[in-house]
Amino acid sequence: MIREITLGQYYPVDSVLHRMDPRTKLFGTMVFIISLFLANGVPAYIAATVFLVLAIRLSKVPFSFMVRGLKAIIFLLLISVSFNLFLTPGQILVQLGFLKVTWEGLRTAAFMALRLIYLVIGSSVMTLTTTPNELTDGLERSLGFLKRVGVPVHEISMMMSIALRFIPILVEETDKIMKAQMARGADFESGNLIQKAKSMVPLLVPLFISAFRRATDLAMAMEARCYHGGEGRTKMKPLKYAQRDRIAYLFYLIYLAVLIVLRLL
């Protein structure tokens, strides 16, 4: 399951979404996330589904590759659905002892599950179609207005980009450590949930050592290349909006307006 995490990975393929400006994709992701919290009914979630399906089709990333990332949140998904399903008061549909399944709980649990799934897939679409360098440039340009109040935008963007880039690296490192310990007799599969959690503890020490070693190597590499922050730096490939980006912004605004109208109705 560790290797199934897709957030932070980049999937190289030629598509409209890959060629789009990273600022456009960041804005679209933000609009999609906001729309999920605005959605409060079936029509709104249908609109969000259409938006997400269209983004996946434009990205040309296999859908089977995207849904692999959902395996990592199954436990969180089950907890969220269970709490909403059994602890929401309302019209009782099924009663099993002290557990009561209500219509309101069933509706809330279904919407909550969809929201979590769409959040993971929607965020994955952005990282799968945007390189770390493009993501850094897009964040820096999008948050450039904060420089006027003394916020180190470039450094924050760089940290966020590095953090996203390190997700697949640490996942791969964790998988290697698990396989090495399994070859020496470690058991990560048998036992109940608590025993499985305890069996993961020995992974933390070598994983932290590996993470700190990689962070040190990265810092030394950046110092060797005379990196001193974003002040006075130029771009080899400056970001420029194309016609497809303007069309995408218009589509985002229309989509957000539709969600707002559906919520008000």
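Author: The structure holds one cavity of 30 Å³ or more. Keep in mind that this is a predicted model.

Reader: Which residues line the largest cavity?

Author: The lining is made of D137, R141, K235, K237 and L239. By class, four of the lining residues are charged, one is nonpolar and none is polar.

Reader: What volume does the largest pocket have?

Author: A pocket is an open set of points, whereas from a cavity the probe cannot get out. The volume of the largest pocket is about 890 Å³. It is lined by 33 residues, and P132, N133, E134, T136 and D137 are the closest to its centre.

Reader: Which elements give two or more residues to the lining of the largest pocket?

Author: They are α7 (132-142), α8 (153-183), α10 (201-224) and α11 (243-264). Helix α8 provides the largest share of the lining, seven residues.

Reader: How do the residues of this pocket lining divide into nonpolar, polar and charged?

Author: The pocket lining has 14 charged, 13 nonpolar and six polar residues.

Reader: How far apart are P132 and A163 in sequence and in space?

Author: In sequence, P132 and A163 are 31 residues apart; in space, they are 9.7 Å apart, C-alpha to C-alpha. T174 sits in helix α8 and counts as buried, at 11% relative accessibility.

Reader: Now the surface. Which residues form the nonpolar patch?

Author: The patch consists of L93, V94, L96, F98, L99, W103 and L106, and together these residues have about 730 Å² of accessible area. Both β1 (92-96) and α6 (103-128) supply at least two residues of the patch. Strand β1 gives the most, with three residues.

Reader: Take L93 as a case. Where is L93 found, and what is its relative accessible area?

Author: L93 is in strand β1. Its relative accessible area is 43%, so L93 is partly exposed. A residue needs over 30% to be taken into a patch, and L93, at 43%, passes that cut-off.

Reader: On to charged side chains. How many salt bridges does the count come to?

Author: A salt bridge needs a side-chain nitrogen of Lys or Arg within 4 Å of a carboxyl oxygen of Asp or Glu. By this rule, there are five salt bridges. One of them joins the side chains of D21 and R23, at 3.0 Å from N to O. Both D21 and R23 are buried.

Reader: How far apart are the closest N and O atoms of K176 and E172, and where do the two residues lie?

Author: The closest N and O atoms of K176 and E172 are 3.8 Å apart, and the pair forms a salt bridge. Both residues lie in helix α8, four residues apart, about one turn of the helix. K176 is partly exposed at 48% relative accessibility, and E172 is also partly exposed, at 39%.

Reader: Which parts does the pair of R214 and E173 tie together?

Author: R214 and E173 meet in a salt bridge, 3.1 Å from N to O. R214 lies in helix α10 and E173 in helix α8, so the pair ties together parts that are 41 residues apart in sequence. R214 is partly exposed, with a relative accessible area of 33%, whereas E173 is buried, at 16%.

Reader: Last, the backbone. What is the phi of K60?

Author: Most residues other than glycine have a negative phi. K60 has a positive phi of about 60°, although K60 is not a glycine. K60 is in the loop between α3 (42-59) and α4 (63-67). Its relative accessibility is 54%, so K60 counts as exposed.

How values were computed. Residues are numbered from 1 along each chain as its sequence is written. This is a predicted model: local features need pLDDT of at least 70, side-chain atom pairs count only at pLDDT 80 or more; totals for chains, interfaces and linings use all residues. Side-chain values use heavy atoms; hydrogens and water are left out. On a 1 Å grid over the protein atoms alone, a cavity is a set of points where a 1.4 Å probe fits but cannot get out, and a pocket is an open set with protein on both sides within 12 Å along at least five of seven lines; lining residues have an atom within 4 Å of a point. Grid points are joined across faces, edges and corners, and a volume is the space filled by probe spheres set on the points. Ala, Val, Leu, Ile, Met, Phe, Trp, Tyr, Cys and Pro count as nonpolar, Asp, Glu, Lys and Arg as charged, and the others, Gly among them, as polar. Patches are made of residues with over 30% relative accessible area and no salt bridge: like charges are joined within 9 Å, nonpolar side chains (Val, Leu, Ile, Met, Phe, Trp, Tyr) within 5 Å. Accessible areas come from the Shrake-Rupley method with a 1.4 Å probe; for residues, only the protein chains shown count as cover. Buried means under 20% relative accessible area, exposed over 50%, partly exposed in between (1.4 Å probe, protein chains only).
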